[in-house]
Amino acid sequence: MQTEEQQLQFTDIHNDVVRSLVVTGRGYYITLGCAIFVLLTCFFFPWFYQLYYGIGAAGMNSPTVWGTYLASFIFWIGLSHSGTLLSCVLHITNSQWRKAMYRSAEAMTLFSLMVAAMMVMVHLGRPWFIHWSVPYPNQMELWPNFRSPLLFDVMAITTYLTGSSIFIYMGSIPDFAAVRDRTTGWRHHLYTLLSLGWRGTDTEWHRLGWAYTFLAVLIIPLAVSVHSIVSWDFAMSIVPGLHQTIFAPYFVVGAIYSGTAGIVTVMFVLRKYMNFEQYITKLHFDNLGKLLLVLSLLWSYINILELFTGWYSGTSTEYEQLKYKLFGYYAPLYWEMILFCGVAPLLLISNKFRTSFVPMLVLSIAINIGMYTERFLIIATTLSRQYLPESWRVYVPSLVELSIIVGSVAMFVTLFLLFVKIFPSVSIYEVKETMKIPKKKGMPEWQATH
Amino acid sequence: MASNALGLFLDPDSALEAARRLKGAGFARPELISPIPIHGVEDVLGPKKSVIRRFTFFGGIFGALSGFTLAAGTAVLYLHPTGGRPIITIPPFLIITYEMTILFGILATVLGFLISARFPAIRERVYVPEAGVDRFAVTVDCDGEERFRRAEAILREAGAETVRSISEGES
Amino acid sequence: MSILDRFVSGWREFRKDGYYEEFDYAWTMTIDLDRCTGCGACVTACQAENNIPIVGESAIDKGREMQWIRIERYWEGEYPNAKLNFIPMLCQQCDAAPCETVCPVTATYHNQDGLNAQVYNRCIGTRSCAVYCPYTVRYFNFTDHHWDAPLEQQLNPDVTVREKGVMEKCTFCVQRIRQAKDHAKDDGRRRVRDGEVQPACVQSCPSEAMIFGDRKDASSRVSKSMNDERAYRVLGELNTRPSVIYLKKVDADAD
Amino acid sequence: MGVSIVPTLKVLKPAARFVVVATVGIVAGYFANAAFFPGTRPEQPIAFSHRIHAGDNEIPCLYCHVQARRSISAGVPSVNKCMGCHLEVAANRPQVRLLANYWENREPISWVKVHDLPDFVHFTHKRHVAAGIECQTCHGPVETMEVVSREAPMKMGLCLDCHRKNEVQHGIDCWTCHK
Amino acid sequence: MANVDRREFLRLVGAGGVGAGAGFMLAESIKHPVEYLIPYPVPPEEFSPGIATWYNSVCGMCPAGCGISVRTREGRAKKIEGNPLHPVNQGRLCALGQAGLQVLYNPDRLTGPMIQNGERGDDAFVKATWEDGLSRTAERLAAARRDGIYVLSQGVRGHLANLFELFMGELGSDRLLHYDFAHPHPLYAANKRFFGEHQLPYYDIRNTRYLLSFGADYLTNWLSPVHHSLGFGHSRQGNDSSSNDGVRGRFVQIEPRMSISGAAADEWIPARPGTEGFLALGIAHHIVADGRYAGDDASLWRTALAGWSSGRVAGLTGVSEGTISRLAREFARAEPGLAIGGGAAGNHTNGVDTLVAVNALNYLVGNIGKAGGVVFNPDPVTGGSAIDRQANYRTMQNLIENARDGNIDVLIVNNTNPAFTLPRASGFREALAAIPTIVSLSSFMDETTLMADVLLPSHTYLEAWGDDMPQPGVGFPVGAISQPVVAPLYNSRSTGDIILGLVGKLGFNEAIPWTSMEDFLKDGWREIYERGSREPGDFDSFWRDVLVSGVWGENARRGGSVVIAPGVIEGMAVSAPRFSGESGEYPFILHAYLSTAMYDGRGANLPWMQELPDPMTSIVYGTWVEMNPATANEMGLADGDLVRVTSEKGSIEAPVVLFPAIMPDVVAMPIGQGHDALGRYARNRGANPIEILAPETESASGNLATSATRVALVATGRRAAPVKTGGESRQLGRGIVQSTGSRSAPAGHSAKLNSIPIIVESAVVESA
């Protein structure tokens, strides 16, 4: 890696990033067009139909009143969990390899959170009344129910969204400034506003450093709490298979797991199509690979634990639950999940695998498919095996649901495509920090060393 | 008219060195402008104190209070007994409190940052575009020919690539 | 009553358990499984009283029937010793209802009669209450329903017709309770007399398997019958404290 | 080239101005509609004047809306009730003639509802009359109205305020009013 | 705002304008839709908006004759509930009875007189006036041969029956038939043979301690289900020390396929179809042999029953000797014990023999005329003649033959649907084609009405005047008035008024002077009143009271001891049942039973009934075949496999349902679906097992032996899982339905182990 970067100068990264913002090929526009088209046809059209027809457009039924919409919600929330969290952790531990990738990772957080919020709208029976779940003063003095796990969600996710958007913005103020001077027209004005008049004086750097660190410290516990709370939507119930103490850590691990896999995917794309080969390197994939390996092992551990406790409890409810999960209607999905998230990642043990790009991409996508399945199964298998056997029903997603899943991905892609044209998707100043500082020739050595 | 002497350097260390000498020569607060944060500035120009931590702290406190008040207050405002739980239900309200703490902590931090770093910039300030890319600049305000010449001398001696005089806004 | 007063009165409830002991009624239903024949009269009675939509074959096939009370059947043994047990399953009106705590907008809560209230017009359709309900007796309006004219002329004006996206469930025929209280007020009584109000299912039950009343009135029929030694609560181990109490089926050939 | 955001703001000024004006327009239009075309003062098939009946002649409300005392709905008087008086009284006034036509063809008069509550609200006139609530409390000074108009917004807040003020037993319990 | 040039000014103006427009539309769009208040020009008395009015009347959904009280608001019927004053149902009502509202408000009702123009059966009717319809009918009647006029009505009682009699009398034809598919002909015949009784007795289930039911599904559709359910409940748990010394009644059900009554029973005993009579005799033999019967005719009985040793009976019925003797012991010991028979047991070719044997059991334990036994009814207040008018299958057959031979000129059908409830093999539909004029008074376009020429739609029972004398009674004469609870929805008339209209057209006025059913009814009741009711006050007050309470009873019970018909003991024997079809070719006996919701098919057009899950299987909207799981397993059939059920007379298709409580060589199908008319909810749904029944008749009563058909099942290879609301029907040890030992178990016995102890919150209750 050193070999690659040795000849890199400050100006190079500068130019590369600015180019990534201002120079736009036809490929980009085509991709964006497709993404938007899919977004409209596969997300908004079915959703509007559902608004008109009612949730019945989805395949849900009486015991299984939750379905893929909520699964998607959890999935996207989960995906959001690596970006900012990872970035914060690495920032505090002050690790170098973070710097090239954290910006886009955080963007991923931001956008998956937005998609998640959208999934809530899709999930609701009467979304036009969603404002009732937000605390605002009114003449009736009627407020939301703060005892409800769902309201914890509302609070947590709002906070998380605010936090991570602020975090990514703060981190890129100096870059906005850097880009500001190199752009003209509306871009110049935009970056002038965004950079708030950043100059790069020692005071400004000092303040930014402090603020940034504080944010990081605040956001780490927040991120953990967010997914714990999401897990409590389930764990706070007394439904067999959902009412489990392990759920909070289980969800957090799962979230970081899928999030990290997501980062790998995004890194690959950036590297390949935004020409950041020099900045996003084998090193990053290697480290992410290791991380993935650890997480997958954790994840498998918790899964086995869940089965074990279920089996050990021996109650009819838990036991039927277990049987159904392993051999019931949804069993194929279950084993697919195990394969993708539990077995396949073991490949990461080999260095060669970790440092080769395409296989990593494939694996990361596989992992996220597996994780989506997991979220789906958590809902489908448990709710269709409630306490009273007479109410047992099988739930099969409808076309509308499937197409909305596809559409939500398109939404994410669209947002990300817009992002890379507005935000410097690689942090300029932090990459500069990792570079060797230029030397003035003929300068005495002692000055250079510090 | 307040004019500044500006020296551009290729590397942070010489810039620091220049700043130190300027300070030593009795110039008021030389300022470094750089594309990346420079370490060790405080050893040279003396430690900086920032108010941000206070903002964060009190923001958090305020968040905690308002969080619990929101939950508990609204609960007793319109009594809705649910699930046989007491009206003021501590554990869930603590979660609300927790989230609100962090939310306000974050917002306060941002506020602190903006205030302490004097953002957004309304009036023009001394600014060096090169320093946004790959140069390290040292500015020191010095009115009067002879003070400028002294500053220039120090900067050049410290290995400044170029030295010129600028005033706010121009570059 | 000023906001301050309400704060104070609210704070008095601070950390108090057994909140419902101050309520004036605790409506309760006992269902004698030894009497229940599973004939289904209660199902139709409820459907007629509460404007429960006719969802149609395909909807039921999807698992979206709406009947608030259903007859569950559980087989025991195999031919020739097969036995069939019926149990009517309706909203248990739990005192410690899991569904109440989870609703983000308080569309379901515990009302002053100890009823598990569902406020349709407040519901935003998160459906979490149905997930949290261990008895799966909450039914969701997956679509808008319509009645072929002139069937809609039968709709009960005392019960609203629920729109799509709204959760609904058994209300113990709250409209009848309301009526009874109204009459009581007219006669200048503070309380409703025992037996003055009966939900549609109880009223129709041909074998008189169901008894409805106020368990705070120790002399009421329901209080007596719920203290029968056969009394038990379905899934009682979950401690949701249902207000629907079942009397065990008697198996004369047991022991 | 400078760092100040002010120039940019200057550039943005027209756009901002545009947005502000448009917003103001929307708000204005909204309230203009509410002000000039209120749904609360509909045209009735017969120009019945409460001012004359309830005001000048001081006919008590419950004389015509007799149901209010014993039913959930106050009801409107049947045509024959109107004719009870108007066979003699003011029989030759044009509006009364209109009424007479209805009567002769035994044709119901379809009055336009002024005060209308949603289907999910259970409001009983009976209890409120029994509690001695003046009709005017909710319906406004009808006896002064030539054409009846909805004075109070029939919204939940209105009910709750009154129920709270008078400390109605279970007055703010959802199921007291929602069905 | 200083530097605004002209172009920008215009732009701003534009923005403001568009904004204003948008805001305006927004406000417009969220406006409340206009609603109207439309008062009556002249309100009917006892009408006031917002206040419910209750009318007591009589349920017309099945022959049980329960009393109903209908809740109306703003002149519309909202809810049907049992009439608490009525002795039959005492305020309770079954599902079918409550669905009566959907008969009234059914979207597929006939809205006025119509006349067939086009081929029969292709539903080509044109609207007509009553004048037109009536006169057309009248002239056909006038032209017809006296004995060429048939009136085929549903079973009607009370004054409507009288009116029919008068009408037929004037027409000079005695071809008046009441046809109900489910009419218990064998039961009547058996009681006549054994007791020489004309009426059905009252079976006092309420006070019995031991009920031995031979195939009678008394909780669902046998005679008076609601009344029986009341009795069942009381006998189970209602007994306090005062009545019946707190003993919990024991119920034994003997039938090849577990019915609701079987599920409710303490003991369900499958006996080979058609051998229930043998079992009864076997039990009787035991009772006599053990000397538990000490009547003076004991020796007669001993000789008569000599042949029916439990050994032989066990061989015939497949019920073990031990069981037989135990049943005999328990039945004889429990005083009073009660034996009833009917349903499938009565619908074999030996049905009457079987039911006679059942009567013998009652006789032998001496419960005749006693509480908890068989109590005989006095004659009904009026309209008793209807009983003899009931048409059994034989009568229908010779109607069919007459039609074929062209001896029928006019057929008037009143709300009965033989085209659906007679087997295809009977050839009824073809026969209809041979009748020149068919007039239907049905309120719905059912299969029979489809073949009619003139449609004179009658009111539903909720719009019409009438009265009813429940059969069987409850031990004393009961009369109930049915009165219109709502104004007629459509241009229909009550059956009585239609007949009276015809009377007018035919000029029978001097014999039948009445012009409306109401007058006829009122005069009829004046007779009842004058014929020595001990009611105070004059007739008008009496009439008012009857209208208010909806029911009136005479405290006149039958006294005296009942003697059994001579020679019946000697002749006590049960012939072997006959079945159509070879057991080799048709291995299964088809057990077609009346479904809970549809009764004999009349409920199929009521959406509530279609959506009422079948209690035993939770199936809605459809027909199915119940099979023993073991048998199905052998045949390789699984739940939901579509099979073709073939008898000698035809075949239908239905999905298999594995039913744990049915004999291996019996398949059961519910009756009621499989309509090809009767409106949107009923048409083309499920299959009708009656279609494929063989025209075997019960030898003594001439009734259709519905249980005497053998069928074969052939897998079609397709699957059509029936729509059901239930999931897994096993408890999996979750203690959902808990049971305990007998009632007299020690307090707290296993009662609260896995349930939270129930605490009654104490509260001050002011004495109201």
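Is R193(E) buried, partly exposed or exposed? R193(E) is partly exposed, with a relative accessible area of 33%, where buried means under 20% relative accessible area, exposed over 50% and partly exposed in between, for a 1.4 Å probe and protein chains only.

The structure is a predicted model, in which local features need pLDDT of at least 70 and side-chain atom pairs count only at pLDDT 80 or more, while totals for chains, interfaces and linings use all residues. Residues are numbered from 1 along each chain as its sequence is written, chains are lettered from A and ligands numbered from 1 in the order in which they are written, and side-chain values use heavy atoms, with hydrogens and water left out.

**View 1. A salt bridge in chain E between D353(E) and R193(E).** The closest N and O atoms of D353(E) and R193(E) are 3.2 Å apart, a salt bridge being a side-chain nitrogen of Lys or Arg within 4 Å of a carboxyl oxygen of Asp or Glu. The pair links distant parts of the chain, 160 residues apart, with D353(E) in helix α13 (residues 351-364) and R193(E) in helix α6 (residues 185-195) of chain E; helices (H or I, at least four residues) and strands (E, at least two) are DSSP runs, numbered from the N terminus. D353(E) counts as buried at 12% relative accessibility, whereas R193(E) is partly exposed.

View 2. E17(B) is buried, with a relative accessible area of 11%, while R21(B) is partly exposed at 25%.

**View 3. An open sheet of three strands in chain E, with helices packed on it.** The strand order is β18-β19-β20 with antiparallel pairing, two strands being paired if DSSP finds at least two bridges between them. The edge strands β18 (466-468) and β20 (551-553) each pair on one side only. Three bridges join β19 (residues 478-482) to β20(E), and G479(E) has W552(E) as its bridge partner in β20(E). Helix α19 (residues 517-530) lies across β18, β19 and β20 of chain E, running at about 160° to β19(E), with axes fitted as lines to C-alpha atoms, for helices over the stretch in contact, and angles running from 0 to 180 degrees between N-to-C directions. Helix α20 (residues 539-549) touches β19 and β20 of chain E, contact meaning heavy atoms within 4.5 Å, and its direction makes about 115° with that of β20(E).

**View 4. Domains of chain B.** Domain 1 (3-49 + 123-167) and domain 2 (52-116) of chain B have bounds from an automatic or database domain assignment. Their centres, taken over C-alpha atoms, are separated by 45 Å.
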